[in-house]
Amino acid sequence: MNTRIAAVAAALLLACASAQQDVPILSYTNEHNYDGSYRYSYETGNGIAANEQGYLKNAGYPDLEAQVAQGAYSYTGPDGVQYTVTYTADEGGFRAQGAHLPTPPPIPEAILRALEYNAAHPEEDGLRRRRK
């Protein structure tokens with residue numbers, strides 16, 4: 001995740017909130033460091049809040065470098081409920097958590113057993129490939 005993209009996204013969110021009504025910005029922090037680390041946070045008068053911090057993992061090793069970020073945002077929905085999302089983004093992708101976010105159904109028991117068997121017997125997978 002590019003820190004400039006994060007800063008632009010934060011600015012756009014603030015601009016959209018301000019365009020609809022006069023919403024005061026209660027706090028705002030934006031720090032970018034030469035080593036690739038950064039952090040930002042803001043809170044608005046209408047209950048929107050966000051924060052993120054990140055760093056460049058394995059800096060100096062182009063094949064291993066990865067931008068790592070973690071943060072959270074919250075807002076009050078039209079239904080009056082406070083929604084909060086926490087997230088991590090790294091070489092493993094973007095992973096978000098929130099009580100209101102849908103979750104995938106559980107893996108069926110038969111498929112789970114097959115996956116566990118395959119993981120416990122990797123040598124059989126190699127035999128199948130050589131026979132083809």
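Modeller: Happy to. Ile107, Ile111 and Leu115 form a nonpolar patch on the surface, and together they have about 280 Å² of accessible area. Keep in mind that this is a predicted model.

Colleague: Where does Leu115 sit?

Modeller: Leu115 is in helix α2, which covers residues 109-120.

Colleague: And what is the relative accessible area of Leu115?

Modeller: The value for Leu115 is 47%, so that residue is partly exposed.

Colleague: How many salt bridges does the structure hold?

Modeller: There are four salt bridges in the structure. One of them joins Glu91 to Lys57, with the closest N and O atoms 2.8 Å apart.

Colleague: Is Glu91 buried or exposed?

Modeller: Glu91 counts as exposed because its relative accessibility is 52%, and the cut-off is over 50%. Lys57, on the other end, is partly exposed at 29%.

Colleague: What about Asp90, what does its side chain meet?

Modeller: The side chain of Asp90 meets that of Arg95 in a salt bridge, at 3.0 Å from N to O. Asp90 is partly exposed at 24% relative accessibility, and Arg95 is partly exposed as well, at 38%.

Colleague: Why would such side chains pair at all?

Modeller: As a general point, side chains of opposite charge can pair when their charged atoms come close.

Colleague: Good. Let's change topic to the overall layout. How many helices and strands are there?

Modeller: The protein has three helices and six strands. Along the sequence they follow the pattern α-β-β-β-β-β-β-α-α.

Colleague: And what is the strand order in the sheet?

Modeller: The sheet is open, its six strands are ordered β1-β2-β3-β4-β5-β6, and the pairing is antiparallel. At the edges are β1 (25-32) and β6 (93-97), each of which pairs on one side only. From one strand to the next, the twist averages 10°.

Colleague: How many bridges join β2 to β3?

Modeller: Six bridges connect β2 (residues 38-44) with β3 (residues 49-57), and the two strands run antiparallel. Within that pairing, Arg39 stands opposite Gln53 in β3.

Colleague: Then how many bridges do β4 and β5 share?

Modeller: β4 (residues 66-76) and β5 pair over eight bridges, in the antiparallel sense. Gln70, for example, has Thr88 in β5 as its bridge partner. The hairpin of β4 and β5 has five residues between the strands, and Gly80 in that hairpin takes a positive phi near 85°.

Colleague: How about the next hairpin, how many residues join β5 to β6?

Modeller: That hairpin runs through two residues. β5 and β6 pair in the antiparallel sense over five bridges, and Ala89 stands opposite Phe94 in β6.

Colleague: Which side chains of β5 point to the buried face?

Modeller: Tyr83, Val85, Tyr87 and Ala89 point to one face and are buried.

Colleague: What share of the residues counts as buried here?

Modeller: Of the 132 residues, 22% count as buried.

Colleague: Last one: where is Ser37?

Modeller: Ser37 is in the loop between β1 and β2. Its relative accessibility is 18%, so Ser37 counts as buried, the cut-off being under 20%. The C-alpha atoms of Ser37 and Val68 are separated by 9.0 Å, with the two residues 31 apart along the chain.

Conventions
Residues numbered from 1 in each chain as written. Predicted model: local features only at pLDDT ≥ 70, side-chain atom pairs only at ≥ 80, totals over all residues. Heavy atoms only, no water. Pairing = 2+ DSSP bridges. Helix = DSSP H or I, 4+ residues; strand = E, 2+ residues; numbered from the N terminus. Axes fitted to C-alpha atoms, helices over the stretch in contact; angles between N-to-C directions. Patch = residues over 30% accessible without salt bridge, like charges linked within 9 Å, V, L, I, M, F, W, Y side chains within 5 Å. Areas by Shrake-Rupley, 256 points an atom, 1.4 Å probe, with all protein chains shown as cover. Buried < 20%, exposed > 50% of the residue type's maximum accessible area, 1.4 Å probe, protein only.
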